[in-house]
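Dear colleague,

Please find below the structure that I am handing over to you. My notes on it follow.

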Amino acid sequence: MKKDLNSLIKKIKKGYAEYFDDLYDATKNGVFFMIKGIVKDYSLAEDIMQDTYISFMNKLDDIDENGNIYSYLLTTAKNKALNEVKRDSRLVGVDYLENMECDEVDTFTPLLDFARAHLEENEWKILKLTVVDGYRRVEVAKMVNKPIATINWQYNKILKKVEKMYKEVYDE
């Protein structure tokens, strides 16, 4: 597929715009499901998908025709979808969670306050990034430069600790 997409990009860059339809047909399902998985709204996903392809075509000269075109499209789609989710959260006034420092989040709930006080710093960082900030564990693994398997193991261990903490906080 990569070779086919690279061939299509070369043709499109040479001015053969009719090959865009082939590029679109080859990539539209993956791009749409990437976006839909983030925004959850079908019509919004369609809008973001259209914006993704427009942006792609506007930056066509900057795109490496020998690179991974599909990955580039998926990354663009993901970023546009995440930006839309962030924009929407600002409209309803919940973007403050994203900009909070760890100490500020402590006051949000007694459980988070208790967890922050009792978890090790690296555990709190993983919990905050996944639960409060909403990052996927794959993204967290990249952020903290650890293998995904390690993050998954630590995340599950943290959840068990927090479950015990929950009982301590709410059973008092």
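A residue is called buried under 20% relative accessible area, exposed over 50%, and partly exposed in between (1.4 Å probe, protein chains only). The model is predicted: local features need pLDDT of at least 70, side-chain atom pairs count only at pLDDT 80 or more, and totals for chains, interfaces and linings use all residues. Residues are numbered from 1 along each chain as its sequence is written, and side-chain values use heavy atoms, with hydrogens and water left out.

The protein chain contains 10 helices and 0 strands; helices (H or I, at least four residues) and strands (E, at least two) are DSSP runs, numbered from the N terminus. Of its 172 residues, 35% are buried.

There are 5 salt bridges, a salt bridge being a side-chain nitrogen of Lys or Arg within 4 Å of a carboxyl oxygen of Asp or Glu. One of them joins Lys161 and Glu123 at 2.9 Å, N to O. This pair links distant parts of the chain, with Lys161 in helix H10 (residues 148-170) and Glu123 in helix H8 (residues 121-132), 38 residues apart. Lys161 is partly exposed at 27% relative accessibility, whereas Glu123 is buried at 7%.

Another salt bridge connects Asp25 and Lys28 at 3.7 Å, N to O. These residues are separated by about one helical turn, because they lie 3 residues apart in helix H2 (residues 20-39). Asp25 is partly exposed at 47% relative accessibility, and Lys28 is partly exposed at 29%.

Yours sincerely
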